[in-house]
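Here is a brief structural report.

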Amino acid sequence: MARVKIKIDGAEVKADTSMTIMDAARENGIYIPGLCHHPDLVPSGLCRICIVGVKGREKPVVSCKTTVENGMEVFTDNPLIDADRRMLLELIHANHKQDCTNCLKNNNCQLQEVTAFVEVNEERIKRMRKEKPLVPDDDSNPFFTLSHEKCILCGICIRTCNEIQGVDALQFANRGTETLVSTFLDGNIKDSVCESCGECVVRCPVGALLPKGRQQPARKVKTICHYCGVGCGIYLGIRGSRVVGVEGDRSNPVNEGRLCVKGRFGYHWINHPDRLKTPLVRKEGRLVETGWDEALELVARKFSGFSGDEFATFSSAKCTNEENYLIQKFTRAVMGSNHIDHCARLCHAPSVAGLASSLGSGAMTNPIEQISDASCIMAVGTNTTESHPVIALRIKEARRKGASVIVVNPRRIDLCKHADLWLQHKPGSDVALIMAMCRIILENDLYDKSFIKERCIDFDIFRRSLEAFSLDVAERITGVPAGQIWEAAHRYAAGGPASILYAMGITQHSHGTDNVLAISNLALLTGNAGRDHAGINPLRGQNNVQGACDMGALPDTLPGYQKLSDPDVRMKFDKAWNCRLKEEPGLTLTEIIGAIAHKKIRALYLVGENSLLSEPDANHVRSALEKLDFFVAQDVFLSETAALADVVLPAASFAEKDGTFTNTERRVQRVRKAIQPAGNSRPDWWITSQIAVNMGQSGFQHRGPEQIMEEIAMLTPQYRGITYKRIEDSGLQWPVLDKKHKGTPVLHTENFATPDGKARFFPLTYIPPFELPDKEYPLMLTTGRSLYHYHTGTLTRRVDGLNSLNGREMVEMHPEDAKAAGLTDGDRIIIRSRRGLVKAALKTSDRCPKGVVSMSFHFAESPTNVLTSPVLDPVAKIPELKVCAVSIVKH
Amino acid sequence: MSMPVNSEIKERLNGIFNAFAGKGNELIPVLQSIQEEFGYLPGEAMKHAARFLKIPESTVFGVASFYSQFRFSPAGKHIIKVCHGTACHVANAGEITEKLETRLKIKDGETSDDGLFTLESVACVGCCSLAPLIMVDDEVYGKLDPVKAARIVSRLSRTHGEKQEQ
Ligand code: SF4
Ligand code: SF4
Ligand code: SF4
Ligand code: FES
Ligand code: FES
């Protein structure tokens with residue numbers, strides 16, 4: 001970047017040509033007062049307090065908006081400028097409630113700071129003060145209050161909501177002295193489109209936007225958000241033994257300080273009184289409190305009575321890498337069973353299976369950061385703004401920079417507002433849609449011939465399979481007009497780096513693996529793999545679902561996806577763990593439930609999974625679990641599933657232990673202990689180790705998570721170079737090949753991770769969803785998520801504010817379908833499928849296409865998965881959670 | 001005075017939107033057309049306008065609320081404009097507004113319950129020699145005091161009462 005020399009108050013300083021006068025001054029330690037400037041936002045020049053003089057210009061210039069020029073001479077202070085600033089500031093004070101001592105922002109307020117610098121005259125302010133009708137505070141939002149009396153109309157909140165969040169909830173309304181920050185129709189913030197992210201609150205320079213019930217923390221601990229797979233960097237604010245707030249970590253490349261509502265405000269469950277504080281054992285049918293010695297001894301004694309295939313473990317994508325590693329090691333080495341799985345089965349097993357065969361690795365190929373600079377983004381089957389909110393910010397950012405955004409989704413999700421093109425396809429018709437796009441790209445000669453020739457195989461059989469996907473056929477199957485499919489293909493293949501983001505809308509199908517392969521075909525065809533800002537990017541759901549897979553909490557792979565079937569691999573682990581591993585892969589999550597129902601598996605070790613709510617066909621799960629001879633559950637709360645256990649072991653929360661999480665872009669990041677575990681709860685790694693130790697096993701005497709990571713690094717090629725020291729400040733993206741290697745932000749840049757280094761095309765045929773609507777069950781049910789809740793709600797439903805934003809299951813249905821069925825908004829309804837029934841409330845909305853209804857699965861009182869179908873994808877064994885047939889009647 | 005229901009709003013809007021290209025810079029003329037059609041800007045109509053023009057709803061409202069020509073509730077049969085220009089202000093226009101507010105049991109900018117009157121404040125209407133004055137629909141009544149102003153209103157509402165009796 002070009003540098004120029006300028007003079008500020010006579011002193012020579014250097015600056016980049018892109019800098020404003022204010023940037024240059026601040027960088028050189030020279031203060032210029034200002035109220036509407038924020039480094040994250042485009043300058044607005046609204047308050048004019050930051051005016052400065054420039055030699056040769058008659059009038060003062062607005063320093064936050066004027067860029068530097070070579071040789072410029074700036075004066076930050078003179079009597080004229082002073083007087084102007086004073087007048088502007090006095091006017092602001094005349095309209096500002098003078099109540100500093102009672103204001104939470106006292107001593108930390110930009111208006112105070114500027115006032116101390118500029119000096120105002122109290123008398124003049126008094127004279128300018130006008131009686132104005134009082135505009136009441138807006139305290140509708142559970143997490144923050146807007147006080148108009150303190151607002152200085154700097155517009156920072158409005159610009160934040162527009163530029164950072166892309167929500168546009170706020171705008172100035174009215175004019176003159178009546179101007180105020182307002183939502184649409186001047187309604188409550190809570191009822192507006194606001195997503196409660198709090199980004200505006202952290203940027204408000206004065207006390208006009210303040211978090212509710214805020215307490216000043218005594219110290220801050222750097223760690224990682226435990227909710228979703230984005231893995232935002234946070235600071236936990238701690239006071240005594242309580243978490244009193246969360247702040248975004250601006251140094252973290254994933255989020256650069258930004259957070260969503262769950263990450264910023266969803267921490268109240270950590271200190272919730274319902275936390276499990278002591279081990280429980282079942283005596284005469286009731287769970288009673290006991291001490292660790294008794295509980296561990298009992299579990300160790302009972303577990304010793306089961307051998308190999310009688311035992312299964314559900315590990316947890318909420319737990320750390322170290323814990324998942326130990327849990328699978330325990331299951332395999334101590335219990336001699338490969339029956340270990342976790343909820344990845346329910347979300348991204350098809351990604352792992354599909355991408356492993358086409359690219360050699362099932363993870364997101366490109367970093368989150370790079371999304372901002374893609375030229376095209378195709379978001380398929382991902383409701384990104386709700387499920388991965390901070391990744392959605394990147395999509396919006398890319399769009400602002402000119403990227404073309406294609407949304408493929410049966411529902412008019414929020415992201416459609418930010419899309420150039422929205423393809424509303426029928427649920428489950430993805431293969432037809434994407435293969436038709438491939439065909440158009442081929443026919444129009446938009447494909448990357450040299451990439452295909454040099455780096456891919458099986459192109460010809462793939463090409464032949466495209467014959468079945470003419471535009472007409474695709475239009476008929478998908479319901480998307482041919483012209484739109486054509487346009488999508490042309491946008492995607494326009495030549496610039498194109499990134500595909502996808503999530504459960506692709507994977508949760510009985511042909512989920514085919515869907516994933518279709519996506520991989522499309523990216524390979526256009527050379528969009530192994531390239532910056534492009535790639536194939538499965539967005540993983542849970543905070544550490546990537547890590548749990550990496551650590552081998554899967555029935556067929558050991559840590560680092562090393563195959564159990566490989567004798568060399570087994571030998572390596574046999575030696576390291578001092579055991580004899582079984583070659584035969586274990587059963588998957590859904591199969592384990594089946595085996596329990598048939599009494600083949602008799603003991604279950606369940607870590608942090610509320611299976612009753614997240615599994616398909618929940619009634620079946622409950623009756624299966626009741627058949628177990630011995631059932632141990634380990635969790636932070638007594639979940640609906642844990643309540644059925646024989647022994648319940650209280651686990652520490654993410655704020656109470658050390659470890660690492662691996663986010664969806666393969667970044668291994670440090671999680672830190674900020675407070676002592678609640679009551680007598682203990683970190684999961686400690687609990688599992690102690691069970692093993694009580695069973696007389698060696699190999700579980702680690703001093704702590706750091707030492708466990710050393711063992712992981714030794715045995716897992718992708719993690720070989722990871723040490724706590726190296727990831728102290730900022731995480732590394734695997735593979736990290738050795739202790740010097742800097743990690744791998746973009747996968748497959750030179751070779752694919754397949755045995756021959758080539759990517760593979762797959763010929764595909766279209767298979768409709770297994771269960772389609774019929775006379776008896778005329779509607780298609782598809783499941784989704786809400787921004788305000790997480791997974792089965794065990795955590796988020798214990799945060800009052802999140803409940804007040806979204807407190808019960810609402811079934812979305814198109815208004816015309818509702819009318820035809822004689823239903824109106826808010827009706828209590830019964831939803832029936834072939835497997836069971838659920839009660840909920842109805843919300844009519846044209847976000848849902850006709851013939852389709854949509855529900856989440858966050859609410860225990862409306863357990864959606866009673867309805868869903870357990871039909872499995874033949875390869876990845878994922879159940880078809882996204883589509884089943886239902887009927888709806890009034891309750 | 002009846003508020004149109006949503007489906008009806010949508011239909012009437014389609015006619016309006018046909019005349020526009022759907023670009024953000026058409027906001028003001030679109031709002032004007034909506035107000036012409038409905039007599040005010042129904043919230044639902046502003047939402048549709050935002051979607052049509054691809055701009056945020058909050059912006060539509062922000063802009064609409066900036067201009068005094070736009071109203072957010074249906075107007076009464078008669079619009080009473082009280083001039084608050086400098087001359088009228090000096091001649092105690094404030095008291096006239098206050099008086100009419102009590103007489104009609106509404107606040108400035110609102111419409112009376114019977115749907116007959118909407119009360120507004122306006123800037124100088126250019127007949128300062130008659131200050132203070134009000135305009136009812138297009139007729140100017142000058143050299144008023146609060147009592148006279150209230151009487152004008154009473155007279156008008158009586159004519160409506162009579163009409164209804166016929
Ligand atoms: S609420 Fe805060 S950020 Fe928003 S305009 Fe007022 S002072 Fe500025
Ligand atoms: S909380 Fe977030 S979404 Fe709501 S107004 Fe503020 S920035 Fe916008
Ligand atoms: S986007 Fe995910 S990781 Fe980031 S703050 Fe929200 S829940 Fe936490
Ligand atoms: S800080 Fe520059 S105009 Fe407000
Ligand atoms: S001030 Fe009222 S008409 Fe001019």
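## Basis

Helices (H or I, at least four residues) and strands (E, at least two) are DSSP runs, numbered from the N terminus. This is a predicted model, in which local features need pLDDT of at least 70, side-chain atom pairs count only at pLDDT 80 or more, and totals for chains, interfaces and linings use all residues. Residues are numbered from 1 along each chain as its sequence is written, chains are lettered from A and ligands numbered from 1 in the order written, and side-chain values use heavy atoms, without hydrogens and water.

## Helix α2 of chain B

Helix α2(B) has twelve residues, 27–38. From first to last C-alpha, α2(B) reaches 16 Å, close to the 16 Å expected at 1.5 Å a residue (1.5 Å times one less than the number of residues). Buried here (under 20% relative accessible area, 1.4 Å probe, protein chains only) are Leu27(B), Val30(B), Leu31(B), Ile34(B), Gln35(B) and Phe38(B). They cover an arc of only 135 degrees, so they sit on the same side of α2(B); the arc is that of the directions from the helix axis to the C-beta atoms.

Just after α2(B), Gly39(B) takes a positive phi of about 85 degrees.

## Cysteines

A search of the whole structure finds zero disulfides over all chains (a disulfide is a pair of cysteine sulfur atoms within 2.5 Å). Cys319(A) is in no disulfide; the nearest cysteine sulfur, that of Cys343(A), is 10 Å away. Cys319(A) is buried, at 5% relative accessible area.

Notes
Buried < 20%, exposed > 50% of the residue type's maximum accessible area, 1.4 Å probe, protein only.
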